[in-house]
Amino acid sequence: CLLFSLSPVSRSFFQQPDTEQWRPNVTRFTILVYLFLHAPIHAERLPLPEARSQRAPGIEATFRSLTGRSKGQTDTRTSRLLALYVPENQSPTPFLDAGSFQVSMSGQLRLKLRGKYTITASGRGKLKIKVNDAIVLESEGEDFSKTKGKVASLNKRNTILVEYESPKKGDAWMRIYWESEKFRREPIPNEVLKHDRNATPVRLGRRLREGRELWVTMRCLKCHQAEEWPKTTSMPELDMDAPSLADIGGRLHTEWLTRWIQDPKALRPTATMPRLFPESATGLDGKVDERARDIAVYLSTLGKEEKWTAPAKKEQQEGQRLFAHLGCIACHVPPTTEPMEEDDFDRIPLRDIVSKWKPAALQKFLQKPEEHYNWIRMPNLHLTEKEASPQTTYLTSAKKHTKIPNQNPKNKIQRTQN
């Protein structure tokens, strides 16, 4: 494997920051695969490990560009149905140039009973359909539906191959149908279409898309230039911002910020923020890195905490009721539940919310989550002040977990600002 023949410098890039032993970092490896596959010059692709055949719903679709700089290049993905629609002057996939293209959809038709079926199609362009290596439909022009399909005798397991070429002008689209004596004409359903999800082209295409997603969601473009990127893709995620640090000292506790900067995943296992100091201790019980504390102390000077009047204790029950009624539990582990690592649904834990948020800021956040981060996943539930106040009381009623001795004299705050 090429990965294991990398130089020591390259190998260190893939090393997990929290271990002395070398092992591949899956996230970085996936991004590197994307860069290799998407490079203009066809370098030797990173080999994939062998995998057993595994059937999955859908069909394998391989696109081939016929025009532009990507002429002759291919890209493979899976498709739920034997159908396709590509508007004029748009690319069939993010990795090929816009223009004329061909697509080959292959897989299996798996039926419960044998029978005779008539295969037909609608669409425009050029089309050929083979079932068990026999041509059952061949059409070209502006309306495939005018071509009468042949009756095919299908077994329980059948191979199917659809070859389509886009028209020279206009939108490219097609859809495959079937019918029999027992039912009327309908699109071939997803549940009878099968493909090998571990086929090499499918796995390469899947890894290419995973790398592309990571490349964007990890904000690689914030530090690395890619002049052609916006021209070859239309991903809204390219406009993703980062959480604003404006007034963060008035919103979040210094102790929590220290632990978050030192080891984000200790507080949230799904965190995407990297550890700034890989050599520092991990976990909530590890020794505090003074550099992380310095940053947190500086951030604590940004903004002032607002006063908050806690409602009556009886409103805590109302907050708990709202937590359940609004469906918060679908995305969050209740603040009284621990440990957070044992959740089976990858929900965001709230056990440290009292350590993180200052009450007045938390109430404002519940009313407008997107104020400091436009791409936050939490929806705006349009809570009123009367609803957000008991919610805040309930969320901050849990035991405080993140405790760090305050060892920051005032002169240290001055040092972090300089």
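The model is predicted.

Start with helix 11, which spans residues 385–395. Helix 8 covers residues 315–325. The axes of helix 8 and helix 11 come within 7 Å. They cross at roughly 95°. Angles from 65 to 115 degrees count as roughly perpendicular, so helix 8 is roughly perpendicular to helix 11.

Which residues in helix 8 meet helix 11? On the helix 8 side they are Glu315, Gln316, Glu318, Gly319, Gln320, Leu322 and Phe323. On the helix 11 side they are Glu387, Pro390, Gln391, Thr393, Tyr394 and Leu395. The residues of this contact divide into five nonpolar, five polar and three charged.

Now turn to helix 10, residues 359–367. The axes of helix 10 and helix 11 come within 9 Å. Here the crossing angle is roughly 125°. That angle makes helix 10 oblique to helix 11. The crossing of helix 10 with helix 11 is right-handed.

Look at the residues in this second contact. Helix 10 brings Pro359, Leu362, Gln363, Leu366 and Gln367. Helix 11 brings Glu385, Ala388, Ser389, Gln391, Thr392 and Leu395. They divide into five nonpolar, five polar and one charged. Gln391 and Leu395 of helix 11 meet helix 8, and Gln391 and Leu395 also meet helix 10.

Next come the strands. Strand 6 covers residues 115–131, and strand 7 covers residues 134–141. How many bridges join strand 6 to strand 7? Seven bridges join them, and the two strands run antiparallel. Val131 has Ala134 in strand 7 as its bridge partner. The hairpin of strand 6 and strand 7 has two residues between the strands. In this hairpin, Asn132 takes a positive phi near 55°.

Why pick out a positive phi? Most residues other than glycine have a negative phi. Asp247 has a phi near 60°, a positive value in a residue other than glycine. Asp247 sits in the loop between helix 4 (229–232) and helix 5 (254–262). Asp346 is not a glycine either, yet has a positive phi of about 55°. Asp346 lies in the loop between strand 13 (332–333) and strand 14 (348–349).

Are these two residues buried or exposed? Exposed means over 50% relative accessible area. Asp346 has 62% relative accessibility, so Asp346 counts as exposed. Asp247 has 47%, so Asp247 counts as partly exposed.

Terms used:
Residues numbered from 1 in each chain as written. Predicted model: local features only at pLDDT ≥ 70, side-chain atom pairs only at ≥ 80, totals over all residues. Heavy atoms only, no water. Axes fitted to C-alpha atoms, helices over the stretch in contact; angles between N-to-C directions. Helix = DSSP H or I, 4+ residues; strand = E, 2+ residues; numbered from the N terminus. Parallel < 35°, antiparallel > 145°, perpendicular 65-115°, else oblique. Contact = heavy atoms within 4.5 Å. Nonpolar A, V, L, I, M, F, W, Y, C, P; charged D, E, K, R; others polar. Left-handed = near helix turned anticlockwise from the far one by under 90°. Buried < 20%, exposed > 50% of the residue type's maximum accessible area, 1.4 Å probe, protein only. Pairing = 2+ DSSP bridges.
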